[in-house]
Amino acid sequence: MDFIDILRFWLVIQLFALAALPLAWRWLAPLPSRGYALAKPLGLLLVSYLLWLGASLGFLRNGVGGILLAWAVVLGASLWLGRASWQRDDSGQRPLFSWLREHWVLVAVTEILFLAALVGWAFIRSFSPEITTAGGEKFMELTFLNGILRSQQFPPQDPWLSGFAISYYYFGYVMLAALARLSGLPASVAFNVGLGAWFALTLTAAFGIAFDLVAALIRRAPVSSSLPPASSPPVPRSAYIGGLLGALFVGLLGNLAGFLESMFSAGVGPLAFWRWLDVKDLNCLGGPGYSEPIANCLTAGSFVPDRFFWWWRASRVITDRDLLGNAVEVIDEFPFFSFLLGDMHPHVLALPFVLLAIGIALALLLHARQPAASGRGDRLGSRFPLGWTGFGLAALCLGGLAFLNTWDFPIYLFLVGAALAVRLAWNRGGITWGAVGEALLLVLMLGVAGVLLYLPFYVGFQSQAGGILPNFLFPTRLSQFFVMFGPLLAALLFFLLALSGRDGRGAGFWKRFGGFLAAAVLLPILFLVLLIAAGVATGAGQEFMRRLMELPVVQQQIGGLSVLDLVRAVVARRAVTPWAYLALAGLLAWVGALLARRVAASDVTEEAEAPLYAPSVAFVLLMALTALLLTFSVEFVYLRDTFGTRMNTVFKFYFQAWVLLALAAAFGVVYIARYGGRVVRWVGVPLVTLLVVAGMFYPIFATYTRAEKFQTEPTLDGTAYLDRQQPGDAGAIAWLRANVPGNAVVLEASGGSYTYAGRISAQTGLPTLLGWDGHELQWRGDTVEQDKRRPDIERIYRGAPVGELQALLDKWNIGYVVVGQQERSAFGVTPQAEARLAQAMDLVYDADDVRIYQRRD
């Protein structure tokens, strides 16, 4: 493993952070850390945005020059907008430099954490760096990365569908490509170093936000967008503890699946327990639907799991079962699993920027509006640090989430809107229609601006999403929900208990709690009842139900039942599995009642009550509320997509719920240890500690397994394995990289998702006619273009006459045709077919049983 490659990546990220630091320090001034940890993702986002926008509009080229120009613009804008931070003040000091000297410990901890996480994760990754088709979508992600590196303008070409642009949220790959270019690393190395960089960005940003939450709680210093006084209150040690817990809980902690795997591997617990828990591969059930008993599967062994691919199952602890008893796939990833898997997927690439959005929301909550505003426009702008400039930056960062991982945009727009609403309520002395209306207006403006700033992306974007469908059949089991979120839920529970010690004494609290509980319990039931009634009683509803029940995926789940039989089955299923829904309803009501009290507590000034009603407490409750709403919603609805189930919705919503609950839990642990009552401290801290230890079983044992027990030869080159396993393809790929500039179309075998098909285009970025056809369906919503291309690909490889062959090459503008083992296996390429290729084209490469033919001019 070459540490120089890692350090080059580190240096480029530091340059991006340096460019954004004056702006971050000025804009995020309400945060105790002044946004220092968030300057890295902010700089990366701003530079990448200017590069993307310039390359999309045609006044920048996607290259080193374009990146450096974008960086210079960001640096100049940051220095100008943050000029009060580095210019000398009345005392002759430069405020930013004075702050850095005064907070050198915070700066040092942040930078040490970032470098350690980057180097550490790259080291771990170097023992299993392969970018393969097995167990993930790395091949797809490398395809995007190489396609962007090959594209001089945006939108970038889709290497798996020549002539078309990428129809996916690809902003994260633009960022990774920019880092690869400036660091000089090839895509196969930048992929793995980039994974370490994103891990480091995530941990650092989580540290910064949790630090800010605790510091704002303890210091209780007045906050505004103005420059700080010459001497700031000392940073409490608890803030660093909270920050490190935030990094631990967000990026390193696992769910309880690792602990259960260890117990199962050692043969601990009766078979009845494992069957009741019903987690795949731990329930001793197998067969096509994971419903058939497996004999003698529970045997005593080592506490270190060694079952094949055991670490993968931590992302599948939620098990849905249809009415026939068959398991229905549900994905429930969490950040550490995603980093361990090693896919540079959008939900991973968006993580540092999700945390940036959370930091923006916190800054808005802590921001005290300046009184100099006059007029409606000035008043609205004054809700943001830096006024309308701050509004624009918030819209840019929030809108970027849609381009990074579209699901995240509405989630964090909601959080920002909720933070604005609370701040406005405090400014107005309580919840008023005016505060609600102004918050909704600001959220609408942010949403519209966030879309407009990324309009070129939306112009060519197609989505597989097809609306919202009701979830009748699949309530989550509470035991599995606890396996997923146990340590975080425990910390949240004791935090709520600590807050409720005083709130629970008043009748107002119980009145609010009762109202919220009734709404949380009854409204979803009413929603499902009305849907069922509409489906049974109205003509339009009957037609909708008929079409819905005719869907093959629905038929597989209901076993051919009639509508009335289905209604009875839904009622029975919901009646026997209500506990997760009821527990979440109770938590939502609890959090809502506590939050409502704090929104109305803007006049609380007594020092003894300050920890109860501090703004950071209200923000943690907002994060908890958002997370609980995300997990609660999938009990009743999901987004329709090509999968046809709630699998992807649970995946996306649970992932963000983990981030929000993890930050809330980190704050909660510090809060109960410092301010909780005796019982809460003595019971809560040890219990949460035990659950966190159980949660650490997964990262410890899974890392050991995933890194091949640290026995392999370390390398950061994700395609080095090709030289050993596919030397013919490796040589052909190297030749194409060296000899084929631009975007010439290279024909190769196409195929299904998660196969070796499309390997040439994935490794070179050169477009081919068709790669993973299943993924193209997901990205574009139909198979129209794919269906046009498959027959022609087959005709070319199966021996079309020379005249037809030449016409097909012209039709699809094919410059090169690859014939290797993949093509021979897929199409049965005969010597006669190759002879026709040789008549129509020139043989330009022939080594290790792989040939490349070039079209004649």
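Visitor: In the hairpin of E9 and E10, what phi does aspartate 848 take, and how many residues lie between the strands?

Guide: Aspartate 848 takes a positive phi near 50°, in a hairpin that has 2 residues between strands E9 and E10. The model is predicted, so local features need pLDDT of at least 70 and side-chain atom pairs count only at pLDDT 80 or more, while totals for chains, interfaces and linings use all residues. Residues are numbered from 1 along each chain as its sequence is written, and side-chain values use heavy atoms, with hydrogens and water left out.

Visitor: What makes E9 and E10 a pair?

Guide: Strands pair if DSSP finds at least two bridges between them. E9 (residues 841-847) is joined to E10 by 6 bridges, and the two run antiparallel. Strands are DSSP runs (E, at least two residues; helices are H or I, at least four), numbered from the N terminus. Methionine 841 stands opposite arginine 855 in E10, and the partner of tyrosine 845 there is isoleucine 852.

Visitor: Which other strand is joined to E10 (residues 850-855)?

Guide: Strand E8 (residues 814-819) is joined to E10 by 4 bridges, again in an antiparallel arrangement. Valine 817 has tyrosine 853 of E10 as its bridge partner.

Visitor: What is the phi of asparagine 813, and where is this residue?

Guide: Asparagine 813 is not a glycine, yet its phi is positive, near 55°. It is in the loop between helix H37 (802-811) and E8. Most residues other than glycine have a negative phi, and most peptide bonds are trans.

Visitor: Why is asparagine 813 called partly exposed?

Guide: Buried means under 20% relative accessible area and exposed over 50%, with partly exposed in between (1.4 Å probe, protein chains only). Asparagine 813 has 47% relative accessibility, so it counts as partly exposed.

Visitor: Which residues does threonine 133 touch, not counting residues up to four places away in sequence?

Guide: Contact means heavy atoms within 4.5 Å. On that basis threonine 133 touches Phe139, Tyr754, Thr755, Tyr756 and Trp772. Threonine 133 is in the loop between helix H6 (104-125) and H7, and its 18% relative accessibility makes it buried.

Visitor: What makes aspartate 729 buried or exposed?

Guide: Its relative accessibility is 5%, so aspartate 729 counts as buried. The residue lies in helix H33 (residues 727-739). With neighbours within four places in sequence left aside, aspartate 729 is in contact with Tyr756, Arg759 and Val850.

Visitor: What is the form of the peptide bond from phenylalanine 154 to proline 155?

Guide: That bond is cis, with omega near 5°. Proline 155 is found in the loop between helix H7 (138-150) and helix H8 (171-183).

Visitor: How do you know what span helix H19 should have?

Guide: The expected span is 1.5 Å times one less than the number of residues. For the 20 residues of H19 (residues 433-452) this gives 28 Å, and the end C-alpha atoms are 28 Å apart, which agrees. The 19 residues of helix H28 (residues 615-633) should span 27 Å, and the end C-alpha atoms of H28 are 27 Å apart, again in agreement.

Visitor: Why is H28 called largely enclosed?

Guide: 16 of its 19 residues are buried, so the rest of the structure largely encloses H28.

Visitor: Which residues of H19 are buried, and what makes leucine 452 buried or exposed?

Guide: The buried residues of H19 are Ala435, Glu438, Ala439, Leu442, Val443, Leu446, Gly447, Ala449 and Gly450. Leucine 452 also lies in H19, but at 53% relative accessibility it counts as exposed.

Visitor: Which residues form the nonpolar patch on the surface?

Guide: Leu444, Val448, Leu452, Leu455 and Val459 form it, with about 490 Å² of accessible area together. H19 and helix H20 (455-459) are the elements that give two or more residues to the patch, and H19 gives the most, with 3 residues. Patch residues have over 30% relative accessible area and no salt bridge, with nonpolar side chains (Val, Leu, Ile, Met, Phe, Trp, Tyr) joined within 5 Å and like charges within 9 Å. A salt bridge is a side-chain nitrogen of Lys or Arg within 4 Å of a carboxyl oxygen of Asp or Glu. Areas come from the Shrake-Rupley method with a 1.4 Å probe, and for residues only the protein chains shown count as cover.
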